[in-house]
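I opened this entry to keep track of what I looked up, one topic at a time.

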Amino acid sequence: MANHKDNVDDFKVQTARHPNISSVPLRPHSEQSKDRVSKRLSTESNGTSEGGVGSSTPVEVTALEESFRRFAIHGDTRATGKEMHGKNWSKLCKDCSVIDGKNITLTDVDIVFSKVKKKSCRTITFDEFKVALGELARKKYKDKTGEEAEAEVFKLIEGKAPIIAGVTRAVASPTVSRLTDTTKFTGSHKERFDDTGRGKGKAGRVDIVDTSGYVSGYKHQGSYEKKINKPTVGKPM
């Protein structure tokens with residue numbers, strides 16, 4: 001009882017020091033989880049961790065950076081989206097119409113990639129990515145200033161995602177068609193399918209014993225039971 005009284009007294013002291021402590025509404029757990037996820041994404045975009053330098057000023061992910069991440073992880077399940085290799089860089093320039101075949105070619109894209117990346121690396125970061133786009137922009141839009149050319153190239157990429165080609169259709173092969181044609185099956189394999197080519201299931205694999213008592217092939221099977229169980233109609237008096 002003494003310990004319980006001391007706890008109550010401590011609570012009263014804390015309430016007196018903070019009179020508005022009970023007036024603050026408690027937030028649901030789901031909203032708190034969303035806040036933590038948003039904070040983590042913001043800190044990752046800023047290159048910091050929770051409690052690190054810059055974590056108090058989260059940076060919003062731009063449309064250009066989002067497109068960079070989409071292309072960076074394309075075709076690589078282990079990619080983090082922070083670095084992009086040459087293959088995806090070329091795909092980005094192709095899918096976003098940066099390559100026009102006149103002012104910008106695939107060779108130009110490869111040369112710029114090798115120019116901006118570090119010598120010991122095979123990938124480029126987002127900052128190097130913007131530098132590479134600036135190089136291509138000045139070559140693509142020669143009649144515009146550097147900033148205007150970069151803005152035009154950024155518009156081509158913002159909000160875009162990798163273009164996934166359609167699934168290749170299987171080519172019909174005469175050999176495969178012959179092996180899958182049930183009308184040409186013989187022996188026990190023929191018994192596993194009906195006239196429409198649909199499998200019979202267990203009936204096509206196992207000989208099921210007929211225990212009905214009728215001779216095989218008897219056409220009037222079940223007629224005797226119907227005759228015996230036929231309801232009798234009472235004759236009028």
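**Asn-88.** I began with Asn-88, which lies in helix H4, residues 86-95. The model is a predicted one, and I read each value below as computed from it. Is Asn-88 buried or exposed? Its relative accessibility is 4%, under the 20% cut-off, so Asn-88 counts as buried. I then looked for what the side chain reaches, and found the backbone oxygen of His-74 at 3.0 Å. Setting aside neighbours within four places in sequence, I listed the contacts of Asn-88 as Phe-71, Ala-72 and His-74.

**Confidence.** I checked pLDDT next. The protein chain has a mean of 76, and 69% of its residues reach 70 or more. Which elements have the lowest and the highest mean pLDDT? Helix H2 (residues 29-45) is lowest at 51, and strand E2 (residues 123-125) is highest at 94. Over residues 45-58 the pLDDT stays under 50, and there the model has 15 contacts beyond four places in sequence. Where pLDDT is low, the predicted coordinates should not be read in detail. I left those contacts alone.

**Cysteines.** I looked for disulfides and the count came to zero. For Cys-93, the nearest cysteine sulfur is that of Cys-96, 7.8 Å away. A disulfide needs the two sulfur atoms within 2.5 Å, and Cys-93 is in none. I also noted accessibility: Cys-93 is buried at 0%, whereas Cys-121 is partly exposed at 29%.

**Nonpolar core.** How many residues does the largest nonpolar core have? I found 27, and those with the most contacts inside it are Met-84, Trp-89, Leu-92, Phe-129, Leu-133, Leu-136 and Ile-157. Helices H3 (63-72), H4, H5 (106-116), H6 (126-140) and H7 (146-157) each supply at least two residues of this core. The largest share comes from H6, with six residues. I noted the general background that in soluble globular proteins nonpolar side chains tend to be buried together. I then took Leu-136 as an example. Beyond four places in sequence, Leu-136 is in contact with Trp-89, Cys-93, Val-98, Ile-104, Asp-108, Val-109 and Val-112.

**Salt bridges.** I counted nine salt bridges in the structure. Side chains of opposite charge can pair when their charged atoms come close.

Lys-91 pairs with Asp-95, and their closest N and O atoms are 3.0 Å apart. Both lie in helix H4, four residues apart, which means about one helical turn separates them. Lys-91 is partly exposed at 22% relative accessible area, while Asp-95 is buried at 17%.

The second pair is Lys-115 with Glu-135, at 3.6 Å from N to O. Lys-115 lies in helix H5 and Glu-135 in helix H6, so this pair ties together parts 20 residues apart in sequence. Lys-115 is exposed, with a relative accessible area of 57%, and Glu-135 is partly exposed at 27%.

Arg-138 lies in helix H6 and Glu-150 in helix H7, so here the parts tied together are twelve residues apart in sequence. Arg-138 is partly exposed at 42%, and Glu-150 is partly exposed at 25%.

Key
Residues numbered from 1 in each chain as written. Predicted model: local features only at pLDDT ≥ 70, side-chain atom pairs only at ≥ 80, totals over all residues. Heavy atoms only, no water. Buried < 20%, exposed > 50% of the residue type's maximum accessible area, 1.4 Å probe, protein only. Polar contact = N/O pair within 3.5 Å; in protein donor to acceptor, adjacent residues only side chain to side chain. Contact = heavy atoms within 4.5 Å. pLDDT = per-residue confidence, 0-100. Core = buried A, V, L, I, M, F, W, Y, C linked by side-chain atoms within 4.5 Å. Salt bridge = Lys/Arg side-chain N within 4 Å of Asp/Glu carboxyl O.
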